[in-house]
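Here are a few notes to read alongside the model, in the order I would go through them myself. I hope they are handy when you open the coordinates.

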Amino acid sequence: MKRLLVTGGCGFIGSNFVRLALQQLPDCRLVNLDKLTYAGNHENLKDIANDPRYRFVKGDITDGTLLEKLFAEEQIDTVIHFAAESHVDRSITGPAEFIQTNIVGTFTLLEAARKYWLADNKDSSQCRFLHVSTDEVYGSLGDTGYFTEETPYDPRSPYSSSKASSDHLVNAYFHTYGLPILMTNCSNNYGPYHFPEKLIPLILNNALNGKDLPVYGDGKNVRDWLYVVDHCEAILTVVLNGTIGETYNVGGNNEKQNIEIVTTICDLLDQKVGLLPDGEARRTLIRYVTDRPGHDRRYAIDASKIKKELGWSPAVTFEEGILKTVDWYLDNPEWISAVLDGSYQNYYEEMYGNR
Ligand SMILES: NC(=O)c1ccc[n+]([C@@H]2O[C@H](COP(=O)([O-])OP(=O)(O)OC[C@H]3O[C@@H](n4cnc5c(N)ncnc54)[C@H](O)[C@@H]3O)[C@@H](O)[C@H]2O)c1
């Protein structure tokens, strides 16, 4: 029986992962530690909140005392570390939280795992610490080429530098202390429960409501898009079968320019809910805005290692995934309005009181 500590399980990818792990690991115990920042929404997990295998703890990964207590109390043998500040634009206007959570938080979590797993006479052979990271640590590509696991790090934003720093710490704990770490560096995710500050849900919501669709620069920055459930499957695969100390790149083989993403969403919404009230197509809402400072031009992932060694490859094409995503947002208007009016932040207190 696996005893998992998932950090950041109320965020976008974390909540999709918690649901998948409970489905696929019938015997597991799963503790979700989340600070519930603006990006954390416990309502994302309301369908599994009463599962007897699940426990939610509201807390901060920089709180070493709490972590030590949780490891001991729950006899944690597996950590899946999602908790992070994750939005590049916010890292430009306010980098301090990124340093605190992404670097200091990861360090504190590593220390707690080291103290609990590598204590005298403990058998840590079944323990795993999986650090969930991003392809942004590799910097920016030109028109050709792919990031492999050997690509040198070259982060450009406070977000990617803080993730790069945490990746180095995780690797250092393997080489220095023998902590049984694994790492995944993944491309851009999209899908259900995505906070509407990120490109796809932002555009979806604005396009639905006839608002302007801001596109950075010339709209030709390229990202590789992966459906979030595919990413979660990759993480489960790595934690169950990956080789300790190894990094696995995870990607969708779906390179798209930002403008292609925006026009695809516009066209899908025009088909599904009809044109705008004035009879115009949603593409007319597109507005090019001043580019993000240090905006990386192109990311593209070579995910052949995880395919060859662990047999994982994405199951959902971009065409299927974007349709599922648009349908999910259309089917869940209450979720999006609770996020937009801020009432989602009351959900936890309403459900659990002040504990
Ligand atoms: N979204 C992507 O496309 C993508 C791609 C590759 C890697 N990643 C990585 O995956 C992870 C999850 O990303 P996401 O998009 O789901 O992020 P998110 O912003 O949606 O969720 C982050 C979660 O972490 C929690 N959190 C933040 N600070 C915390 C702290 N100090 N203590 C405890 N919990 C805290 C938040 O409350 C939230 O629930 C991150 O580490 C991110 O770097 C994301």
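1. Helix H6 crosses helix H8 in a right-handed sense. In this predicted model, H6 covers residues 199-208 and H8 covers residues 258-273. Their axes lie 10 Å apart, at an angle of about 40°. The two helices are therefore oblique to each other.

2. Which residues make that contact? From H6 come Leu-199, Ile-200, Ile-203, Leu-204, Ala-207 and Leu-208. H8 answers with Asn-258, Ile-261, Val-262, Ile-265, Cys-266 and Leu-269. Sorted by class, the contact of H6 with H8 holds eleven nonpolar residues and one polar residue, with no charged ones.

3. Do have a look at Glu-280 too, which sits in the loop between H8 and strand S12 (286-289). Is Glu-280 buried or exposed? Glu-280 has 12 C-beta neighbours inside 10 Å, and 12 or fewer is the cut-off, so this residue counts as exposed. Its C-alpha lies 9.9 Å from that of Gly-210, although 70 residues separate Glu-280 and Gly-210 in sequence.

4. Now for the ligand, which is surrounded by 31 residues. The closest are Gly-8, Gly-11, Ala-39, Gly-40 and Ala-84. By class, the shell around the ligand has 13 nonpolar, 14 polar and four charged residues.

Methods
Residues numbered from 1 in each chain as written. Predicted model: local features only at pLDDT ≥ 70, side-chain atom pairs only at ≥ 80, totals over all residues. Near = placed C-beta within 6 Å. Nonpolar A, V, L, I, M, F, W, Y, C, P; charged D, E, K, R; others polar. Axes fitted to C-alpha atoms, helices over the stretch in contact; angles between N-to-C directions. Helix = DSSP H or I, 4+ residues; strand = E, 2+ residues; numbered from the N terminus. Parallel < 35°, antiparallel > 145°, perpendicular 65-115°, else oblique. Left-handed = near helix turned anticlockwise from the far one by under 90°. Contact = placed C-beta atoms within 7 Å. Buried ≥ 20, exposed ≤ 12 C-beta atoms within 10 Å, placed from the backbone.
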